[in-house]
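Have the model open and follow along.

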Amino acid sequence: FADRKYLYYEVMNEILYPYLIKHGRIPTISCVPFLVNWARDFYQEHVCPNIPVTVLVRNNPFFHQQRNLKTECWLEFLEYCAGRYPVKFVLIGTASEIDARYRGLKNVLVAKDFNTGVDQDLALIQMSAIHMGSASGPGCMALFSSKPLLSVRHSIVPEAHKGMIRDGSFLRFPFSTPYQRAHSGEETVELLI
């Protein structure tokens with residue numbers, strides 16, 4: 001990091017993959033107990049009796065725009081889910097990147113409306129039932145666990161990863177469960193459903 005090297009591939013291929021081969025798993029990450037408790041209480045107060053599903057919203061106009069979510073697609077998906085599933089989608093991410101129209105959906109809660117920070121967003125991911133959304137840093141909280149995950153707009157280059165698994169139109173890291181999928185193309189409502 002101090003040398004300003006991009007360490008993603010080195011971490012994935014030279015640290016995590018050999019660890020997986022040696023131990024049959026990778027280390028998981030977890031928030032400190034008081035944040036886990038905070039997230040549990042948050043869900044109890046604002047989401048229950050619905051099932052919490054976190055969605056990492058990314059809409060950064062300055063950096064890696066190809067990883068930004070298709071807002072219209074997500075709005076349609078969330079509207080489709082309303083009334084069909086006992087789910088409350090908890091949107092996390094930078095407050096300025098969350099389209100105001102999300103707030104008009106009855107099955108959506110915007111975490112930043114409760115002044116959450118990144119540490120609380122990570123705890124919300126950890127304590128959610130499922131995590132979805134943009135391929136961005138906070139999603140590692142779900143990736144480095146067994147939590148069901150759909151990561152879209154991923155910039156995965158399968159050939160650059162040791163042990164990458166193709167699963168139809170999805171990709172999975174060699175340490176991922178069958179319910180942890182990444183998609184590198186443009187998301188559609190059908191894909192999200």
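Which residue stands opposite V87 in β2? I51 does. Before going further, please note that this is a predicted model, in which local features need pLDDT of at least 70 and side-chain atom pairs count only at pLDDT 80 or more, while totals for chains, interfaces and linings use all residues. Residues are numbered from 1 along each chain as its sequence is written, and side-chain values use heavy atoms, with hydrogens and water left out.

Helices (H or I, at least four residues) and strands (E, at least two) are DSSP runs, numbered from the N terminus, and two strands pair if DSSP finds at least two bridges between them. With that in hand, look at β1 again. Strands β1 and β2 run parallel and are joined by six bridges. Strand β1 also pairs with β4, again in the parallel sense, over four bridges, and here L56 stands opposite G133 in β4. Because five of its six residues are buried, β1 is largely enclosed by the rest of the structure; buried means under 20% relative accessible area, exposed over 50%, and partly exposed in between (1.4 Å probe, protein chains only).

Next, turn to helix α3, residues 71-81. Its buried residues are T71, C73, W74, L75, F77, L78 and C81. These pack against β1 (51-56), β2 (87-92), β3 (108-110), β4 (130-134), β5 (149-152) and α6 (189-192), where contact means heavy atoms within 4.5 Å. Just after the helix, G83 takes a positive phi of about 85°. R84 lies over the face of Y80, at 3.9 Å from the ring centre; a charge sits over a ring if NZ of Lys or CZ of Arg is within 6 Å of the ring centre and within 35 degrees of the ring normal.

E187 lies in the loop between β8 (180-182) and α6, and with a relative accessible area of 0% E187 is buried. What does the side chain of E187 join through a polar contact of 2.9 Å? The partner is the side chain of W74. A polar contact is a pair of N or O atoms within 3.5 Å; within protein, one must be able to donate a hydrogen and the other to accept it, and residues adjacent in sequence count only if both atoms are side-chain atoms. A polar atom of the E187 side chain also lies 2.8 Å from the backbone nitrogen of K70.

Now for the nonpolar cores, each a set of buried Ala, Val, Leu, Ile, Met, Phe, Trp, Tyr and Cys residues joined through side-chain atoms within 4.5 Å. The largest has 30 residues, and those with the most contacts inside it are V90, L124, F173 and F175. Helix α2 gives the largest share of this core, five residues. Apart from it lies another core, of 25 residues, including V55, V87, I98 and Y102. Beyond its neighbours within four places in sequence, F175 is in contact with M12, L16, L20, I26, L143 and F144.

Finally, the structure holds eight aromatic pairs. Rings of Phe, Tyr and Trp (its six-membered ring) pair if their centres lie within 6.5 Å; planes under 30 degrees apart count as stacked, over 60 as edge-to-face and the rest as tilted. The pair of Y8 and Y9 is edge-to-face, because the ring planes stand at 85°, with the centres 4.9 Å apart. Elsewhere, ring pairs link W38, F42, Y43 and F114 into a cluster.
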